[in-house]
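Hi,

Here is the model I promised to pass on. Have a look at it first, and then read my notes below.

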Amino acid sequence: GMQHQYAQVAVELEAARLLVYNAARRKEAGQTFVKEAAMAKLYASQVAEKTASLCVEWMGGVGFTKDLGIEKFYRDCKIGAIYEGTSNIQKQTIAKIVSTEYKN
């Protein structure tokens with residue numbers, strides 16, 4: 001039901017938040033953080049888009065109107081994944097670093 005969907009979104013939002021915190025912690029500690037930042041950016045953008053899309057669905061027809069602003073969140077999430085560095089670029093960054101980490 002709806003409660004399971006809310007719970008899943010809550011779990012994914014918390015996971016995205018923790019990825020961001022980990023990247024920030026590594027940066028503040030003077031450690032490498034490019035991979036962690038790319039992972040956080042990729043996952044957070046995916047979760048944001050999915051969550052906004054679900055919100056539109058949960059609201060039914062009203063979710064598509066401009067009255068509540070939910071559709072704007074969805075549009076903003078969609079453009080954020082493109083404008084802030086596409087998901088493919090983030091994946092490319094992650095893959096490049098991971099492949100060097102596991103070459104040995």
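Buried residues make up 23% of the 104 residues (buried means under 20% relative accessible area, exposed over 50%, and partly exposed in between, with a 1.4 Å probe and protein chains only).

Before you go further: this is a predicted model, where local features need pLDDT of at least 70 and side-chain atom pairs count only at pLDDT 80 or more, while totals for chains, interfaces and linings use all residues. Residues are numbered from 1 along each chain as its sequence is written, and side-chain values use heavy atoms, with hydrogens and water left out.

On the overall fold, the chain has four helices and zero strands, so the pattern along the sequence reads α-α-α-α (helices, H or I with at least four residues, and strands, E with at least two, are DSSP runs numbered from the N terminus). The radius of gyration is 16 Å, well over the 13 Å that the globule rule gives for 104 residues, so the chain is more spread out than a compact globule (the radius is taken over C-alpha atoms, and the rule is 2.2 Å times the number of residues to the power 0.38). Along the principal axes, the C-alpha trace spans about 55 × 30 × 25 Å.

Now the salt bridges: there are seven in the structure (a side-chain nitrogen of Lys or Arg within 4 Å of a carboxyl oxygen of Asp or Glu). One of them joins Arg26 and Glu36, with the closest N and O atoms 3.5 Å apart. Arg26 sits in helix α1 (residues 2-28) and Glu36 in helix α2 (residues 34-58), so this pair ties together parts ten residues apart in sequence. Arg26 is buried at 19% relative accessible area, and Glu36 is buried at 12%.

Another pairs Glu101 with Lys35, at 3.0 Å between the closest N and O atoms. Glu101 belongs to helix α4 (residues 87-101) and Lys35 to helix α2, so parts 66 residues apart in sequence are tied together. Glu101 is partly exposed at 40%, whereas Lys35 is buried at 14%.

Lys78 and Glu49 also meet in a salt bridge, 2.8 Å from N to O. That one links Lys78 in helix α3 (residues 70-83) to Glu49 in helix α2, 29 residues away.

Cheers
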